[in-house]
Amino acid sequence: MRCPFCGNEDTQVKDSRPAEDGASIRRRRSCPACGNRFTTFERVQLRELVVIKSDGRRVPFDRDKLARSVRIALRKRPFDEERIERIVNGIQRRLEVEADSEVTSRRIGDVVLDTLRDVDQVAYVRFASVYRNFREAKDFQAFLGQMDGS
């Protein structure tokens, strides 16, 4: 693992322990060249996913982008970072299990919506407003009307 401070390629693991309910390994590392310490996380990845965008482009799946979207939807809601990581891990795992190696961006959005609907209604509406591209108040009203009927 390369040191993020000085770029040295030879860092040492000082401590390893399970993190996020055993879904990953947290490693404390030290760089012998500059003396700085940093933390890395190691996660299981079932397969490399490729996202098919709405314009047909194919890009590598970006877990950080997914996590950012979920964090924005859950901002100022009663969720700690560990719970958000579990939610993101669950979404990623579901996508890896469902898909061969390619998944559409629309499917990712649908899985996030399904997950947020079960987790937090406010986050669900926040994500849906961006994902479904609401332009006017009536779009929100129609969406909220669908929620009441479900």
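Which strands form the open sheet with mixed pairing, and in what order? The views below take this up along with other parts of a predicted model, in which local features need pLDDT of at least 70, side-chain atom pairs count only at pLDDT 80 or more, and totals for chains, interfaces and linings use all residues. Residues are numbered from 1 along each chain as its sequence is written, and side-chain values use heavy atoms, with hydrogens and water left out.

**View 1. The open sheet E5-E4-E6.** Three strands in the order E5-E4-E6 make up this open sheet, with mixed pairing. Strands are DSSP runs of E, at least two residues; helices are runs of H or I, at least four; both are numbered from the N terminus. Strands pair if DSSP finds at least two bridges between them. Strand E5 (58–60) and strand E6 (102–104) are the edges; each has a single partner strand, so one side of each lacks a neighbour in the sheet. The twist from one strand to the next averages 35 degrees. Strand E4 (residues 50–52) pairs with E5 over three bridges, in the antiparallel sense. Ile52 sits opposite Arg58 in E5. H3 packs on the sheet and touches E4 and E6; the direction of H3 makes about 70 degrees with that of E6.

**View 2. The open sheet E1-E2-E3.** Three strands in the order E1-E2-E3 form an open sheet with antiparallel pairing. Strand E1 (12–19) and strand E3 (37–43) are the edge strands, each pairing on one side only. Neighbouring strands are turned by 25 degrees against each other on average, direction ignored. Seven bridges join strand E2 (residues 24–30) to E3. Arg26 stands opposite Phe41 in E3.

**View 3. Helix H2 against helix H3.** Helix H2 (residues 81–98) and helix H3 (residues 105–119) pack at about 135 degrees, axes 10 Å apart. Axes are lines fitted to C-alpha atoms, for helices over the stretch in contact; angles run from 0 to 180 degrees between N-to-C directions. That angle makes H2 oblique to H3 (under 35 degrees is roughly parallel, over 145 roughly antiparallel, 65 to 115 roughly perpendicular, the rest oblique). Contact means heavy atoms within 4.5 Å. On H2 the contact residues include Ile87, Ile91 and Leu95; on H3 they include Ile108, Val111 and Val112.

**View 4. The aromatic pair in H4.** Phe127 and Tyr131 form a stacked pair, 5.8 Å centre to centre, with 25 degrees between the planes. Rings of Phe, Tyr and Trp (its six-membered ring) pair with centres within 6.5 Å; planes under 30 degrees apart are stacked, over 60 edge-to-face, the rest tilted. Phe127 and Tyr131 are four residues apart in helix H4 (residues 121–131), so about one helical turn separates them.
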